[in-house]
Amino acid sequence: MTTEEAPDYQSLDSQWRRRVREVGKINFENEEMLRLGFLTVEDLKAATDSEAPEKYRAALEALAVVRRKLQKADERVAELQDVESLIREIRSRRIERVKAERLERRAQREEAGKAKAVENRRRGTEEPTYLGRAVSHGLCFEGGDAALTASLQLPELHTFLDLANTLSQTPTRLQWLTYERAADATDHYTRFEIPKRSGGTRLISSPKPALRTAQECVRLKILSHLSVHPAAMAFRTGRSIADNARLHADSGLVIRIDLKDFFPSITFGRVRGFFASLGYNSGVATVLALICTDAPRAKITLDGKTTYAIVGQRALPQGACTSPDLANLIAATIDARLTGLAMKYGWTYTRYADDLVFSHKESNADAAQLVRIVTRIVSDEGFRVNTKKTRIMRSPNRQIVTGLLVNEGVRLTRQDLRKIRAFLHRCQTQGIEQVSAEIGKDARAVARGYYAYVHMITPETARVMRAKHSWI
């Protein structure tokens, strides 16, 4: 056993001090090193023989380290006099830590939620995937035939943003105009009825300014660049009812066939298919079809709250500026088929809106065969013939096409001419102001409209009329 100076024992507790006094410092150290495993009995024997002083010295140093650690532990235990207070402190700190972590996670979730909401709003307005239950299944802004669109000299449209810019709308406003709800507090159309010439009334749906602007853009930037079939005579610049009638003048046989519910028969699906046929992807075609079609709605007021509920199928509305052009363009297939049929059997064919007109030079031409084939073709093309309005007119009986007599040239019917003359006479005898008050509109403007109509058909009659009523 070496006699080198041992560590300071002043800080040892009373038990250790008592043991030191009993066995001596050296023996106490040896006992501790044996107890703690720093030395073995063999090591002690070797140490007494002075064969391993270095190992013994290292053991002493390690023992000193352990003692210092034990001393610090004793000091800490001495400080912890109240265990319950310590437990409460630990619990309090843990609760505070958990609260802080929970608040941090909540803040992260809120931040992520805000970012997601912003992204959803952006996607909802710039890349919508839903615009209503019955109209959204084709809302995908991918694909299309850009080469075909370019060949038709149409605007390049691929996304909802492209559409918004082309239609002079913000994405949010365009979504508002196209979103279809079964019932809504807003109606994008002003609806009213006007009397038909043949009796009954016709529903007119006039778009409100925001929608009218979008429809006008569709008409000018897309529809006006497309050509309609030559047989289509209505809704075309430079064509009139007189032009349509002249093609059938002085015929032996004239047949008029009316298409039932012409505009309502051109449904949302057909309009979307038409825009897709121009090379636009299904998403663009869907939005364009939503702009140009509408479902009839009923106004319902309950508890002072007004709602407009859908009561029919979405189709071309009568009153939209796009409906006439779309009707002519979509009916191009039926016009082509009926033109081919007419040429095959020696007939002349034209269509003025929903009025199909066939004429033949021979009064004994087979009208029944023609009507039967036309009815089948009309049905094949998704339309219906209004059999109650089919007219077969043989010469020399009166033949009327778009309201005009065509037996000998084209002229006004006696009834129409009498009606116009009676109105002009009434204005001249009763005064423009009184007649205006009675009819609820400017009587002079009505008179001038009648004059222009007569002048378009028979200029000679119009000149006589103007000479008699110079105030027109």
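Over how many bridges do strand 4 and strand 9 pair, and in which sense? Strand 4 (residues 253-258) and strand 9 are joined by four bridges in the antiparallel sense, where pairing requires at least two bridges found by DSSP between two strands. Helices (H or I, at least four residues) and strands (E, at least two) are DSSP runs, numbered from the N terminus. The model is a predicted one, in which local features need pLDDT of at least 70 and side-chain atom pairs count only at pLDDT 80 or more, while totals for chains, interfaces and linings use all residues. Residues are numbered from 1 along each chain as its sequence is written, and side-chain values use heavy atoms, with hydrogens and water left out.

Within this pair, R256 is found opposite R391 of strand 9. Both strands belong to an open, antiparallel sheet of four strands in the order 7-8-4-9. Strand 7 (348-352) and strand 9 (391-394) form the edges with a single partner strand each, so one side of each has no neighbour in the sheet. From one strand to the next, the twist averages 15 degrees. Helix 15 (residues 332-345) lies across strand 7 and strand 8 (355-360), and runs at about 155 degrees to strand 7; axes are lines fitted to C-alpha atoms, for helices over the stretch in contact, and angles run from 0 to 180 degrees between N-to-C directions.

A further open sheet has three strands in the order 1-6-5, again with antiparallel pairing. Its edges are strand 1 (183-184) and strand 5 (297-302), each pairing on one side only. Strand 1 is joined to strand 6 (residues 305-310) by two bridges, and D184 faces Y308 of strand 6.

Turning to the helices, the axes of helix 18 (residues 432-439) and helix 19 (residues 443-457) come within 8 Å and cross at roughly 90 degrees. The two helices are therefore roughly perpendicular, a label given to angles of 65 to 115 degrees. In this contact (heavy atoms within 4.5 Å), helix 18 contributes I432, V435, S436 and I439, and helix 19 contributes A443, R444 and V446.

One cavity of 30 Å³ or more was found, a cavity being a set of points on a 1 Å grid over the protein atoms alone where a 1.4 Å probe fits but cannot get out. The volume of the largest cavity is about 140 Å³, taken as the space filled by probe spheres set on the points, which are joined across faces, edges and corners. Among its 18 lining residues, L177, Y179, H188, D294 and R297 are the closest to the centre, lining residues being those with an atom within 4 Å of a point.

Definitions and conventions:
1 Å grid on protein atoms, 1.4 Å probe; cavity = no way out; pocket = protein on both sides within 12 Å on 5 of 7 lines; lining within 4 Å. Parallel < 35°, antiparallel > 145°, perpendicular 65-115°, else oblique.
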